Amino acid sequence: MEETRRPWWETGVIYQIYPRSFQDSNGDGVGDLSGIEARLDYVASLGVDAIWLSPIFPSPMADFGYDVADYCGVEPVFGDFAAFDELISAVHARGLKLLLDFVPNHTSDQHAWFAESRSSRSNPKRDWYIWRDPAPGGGVPNNWISDFGGSSWEWDEATGQYYLHAFLKEQPDLNWRNPEVREAMSNVLRFWLDRGVDGFRIDVLWHIVKHEALPDNPLNPAWTPLITERDRLLQVYSTDQPEAHSISAEMRALADSYGDRVLVGEIFLPNERHARWYGTPDRPQVHLPFNFQLVESPWDAAHLHGMIEAYEASLPAHGWPNWVIGSHDAPRIAARIGEAQARVAAMLLLTLRGTPTLYQGDEIGIGKVTIPPERMRDPQHFRQPALDIGRDRSRTPMPWDDSPNAGFSTNEPWLPLNDDWRSRNVAAQDADPASMLNFYRLLLGLRRSQAALSVGSFRLLDGGPDVLCYLREHQGEKLAIILNLSSEPRSCELEEGGAVDGVLASTLSARPFDGTLLPDEGLILRLEPEH
Ligand code: NOJ
């Protein structure tokens, strides 16, 4: 049968690089673009298709690059345009794609636009940001809480108004209701697309427009002090406004005018509202609204079954799914569920229907990381220390080998390494056929060789207690994935699906299938075609 041509981002796998922590090439203890270039053979050896770089633009680093001071520049710590152009050519020469991180909701307070905006009430860029008078009785204009805790409003003494910031006060929110802002930001996208990038991950896309009247957000009845202060309120008026969807459609039209590009939107919302970010077939929005449900779900087979079923059911017919298990914001998967289950998670991520995004370091199972208080850097941590959110623990440098500083840098890295870096590093795992790294390579290779895994249909089966089980099928090729989410043996009868024809992969060592699963075992089985 003739295979319809699919866009690369449907069959491909995205690998997230956190530039500060991938490879340092100039000995300042911070990773950079030339460092990434030097490690591209490693990235290619994994079998991924695209690289997404967290922000590389000039930044005072209040939020480690998510506070952009110039959208059309390269942060000197990371390199310069020559290094960027070399990197993108080297990425493309290996048949890989490069996505940048577009941060549209807010700039740095050091951005020239904000300097102008705050210079006086009559400055032409005043309305590029969201300025308001104090409330009638004095104090902040409304009750909104920043995602990092505290009020979303910062007082500006010089001009006697407050400005809005959904994150740090060093990250003032842009006013996307202003057509000049929209035009300036479209020009930013054009600037990088003209330079050859293959798409963007778009930071906090659902935040970019606020309700015009800025009403108080309602209280969240489910809030407890164990969750972030932000969640005291339901972000009804500060996020997910209808106007943001038309902006997302405009961004898509711009990206599409460049051909085969992709937009991945960072969006945390319940399924039904999340699905709207795909837009409609005649007015599409982002290609992939990031789906973080594997990061957030309890690690339990029944729960995951229900979550996957509900997510699949929520997708519009033209919407392609996607899955994530780690990022620079989320706890490391191996720290959360342990190394044995992290292998099960890898098998799940790479066999579900939809585009997977891997986060650097998860492929070697980085888990245990200790950051002494004096080396902590994450601003979110400092604003809510009691919650121990600890994003630093997910941002430690890649350990490449057991040489000083793990081959990451000739100097002390900006954050400590993982506790076990002398044994858990790329070189050690490269040499061990049973390592997590080689297990990832096996899975990524299977995803490439078995079309059922990348583009096949998907059907959840009843796997019995603690077992997640599903079928992937494409043009007569039929695979069953059975995952034991417990550390006890389990049986799995595979009543539907057909006879087992072979084991393609195991999270443990390969063995013939006998209807049972060892503790923490996940299997990819080839089934005989039904007649
Ligand atoms: C999401 C990013 O992933 C995170 O690192 C950042 O702090 C916030 N957006 C604010 O830009």
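These legends describe close-up views of a predicted model.

**View 1. Eight strands line up in an open sheet.**
The sheet holds 8 strands, in the order E11-E8-E7-E3-E2-E1-E13-E12. Their pairing is parallel. Strands of a sheet pair through backbone hydrogen bonds, either parallel or antiparallel. Strand E11 (288-289) and strand E12 (322-324) stand at the edges. Each has a single partner strand, so one side of each is left without a neighbour in the sheet.

**View 2. Strand E12 joins strand E13.**
Strand E13 covers residues 355-359. E12 and E13 run parallel, joined by 3 bridges. Which residue of E13 is the bridge partner of Trp323? The partner is Pro356. Elsewhere, helix H6 (residues 179-194) packs on the sheet. H6 touches strand E3 (97-102) and strand E7 (199-202). The direction of H6 makes about 160 degrees with that of E3.

**View 3. Strand E7 is covered on both faces.**
On one side of E7 lie Gly199 and Arg201, and on the other lie Phe200 and Ile202. All of these residues are buried. E7 also has strands to pair with. E3 and E7 run parallel, joined by 4 bridges. Phe102 has Ile202 of E7 as its bridge partner. E7 pairs with E8 too, in the parallel sense and over 4 bridges. Here Gly199 stands opposite Val262 in E8.

Helix H7 spans residues 242-256. The buried residues are Ala244, His245, Ile247, Ser248, Ala249, Met251, Arg252, Leu254 and Ala255. They pack against E3, H6, E7, strand E8 (262-265) and strand E10 (283-284).

**View 4. Asn271 sits in helix H8.**
Helix H8 covers residues 271-275, and Asn271 is found in it. Is Asn271 buried or exposed? Its relative accessible area is 17%, so Asn271 is buried; the cut-off for buried is under 20%. The side chain of Asn271 makes a polar contact with the side chain of Gln293, at 3.0 Å. Leaving aside neighbours within four places in sequence, Asn271 is in contact with Gln293, Ala310, Tyr311 and Ser314.

**View 5. Arg276 meets Glu272 in a salt bridge.**
The two side chains are 3.1 Å apart, N to O. Arg276 has 43% relative accessibility, so this residue counts as partly exposed. Glu272 has 59% relative accessibility, so this residue counts as exposed. A search of the whole structure finds 38 salt bridges.

**View 6. Arg424 and Glu339 link distant parts of the chain.**
Their side chains meet in a salt bridge of 2.8 Å, N to O. Arg424 lies in the loop between helix H13 (379-383) and helix H14 (426-430). Glu339 lies in helix H12 (residues 339-349). Which burial class does each belong to? Arg424 counts as buried, at 12% relative accessibility. Glu339 counts as partly exposed, at 35%.

**View 7. Asp419 and Lys368 connect two loops.**
A salt bridge joins their side chains at 3.5 Å, N to O. Asp419 is in the loop between H13 and H14, and Lys368 is in the loop between E13 and H13. This pair, 51 residues apart, also links distant parts of the chain. Asp419 is partly exposed, with a relative accessible area of 38%. Lys368 counts as exposed, at 56% relative accessibility.

**View 8. Gln450 lies in a loop between two helices.**
The loop runs between helix H15 (436-449) and helix H16 (451-455). Gln450 counts as buried, at 12% relative accessibility. What does Gln450 touch, not counting residues up to four places away in sequence? Gln450 touches Glu477, Leu479 and Leu504. Gln450 and Glu473 are 23 residues apart along the chain, and their C-alpha atoms are separated by 9.6 Å.

Key. Residues are numbered from 1 along each chain as its sequence is written. This is a predicted model: local features need pLDDT of at least 70, side-chain atom pairs count only at pLDDT 80 or more; totals for chains, interfaces and linings use all residues. Side-chain values use heavy atoms; hydrogens and water are left out. Buried means under 20% relative accessible area, exposed over 50%, partly exposed in between (1.4 Å probe, protein chains only). A polar contact is a pair of N or O atoms within 3.5 Å; within protein, one must be able to donate a hydrogen and the other to accept it, and residues adjacent in sequence count only if both atoms are side-chain atoms. Contact means heavy atoms within 4.5 Å. Two strands pair if DSSP finds at least two bridges between them. Axes are lines fitted to C-alpha atoms, for helices over the stretch in contact, and angles run from 0 to 180 degrees between N-to-C directions. The expected span of a helix is 1.5 Å times one less than its number of residues. A salt bridge is a side-chain nitrogen of Lys or Arg within 4 Å of a carboxyl oxygen of Asp or Glu.
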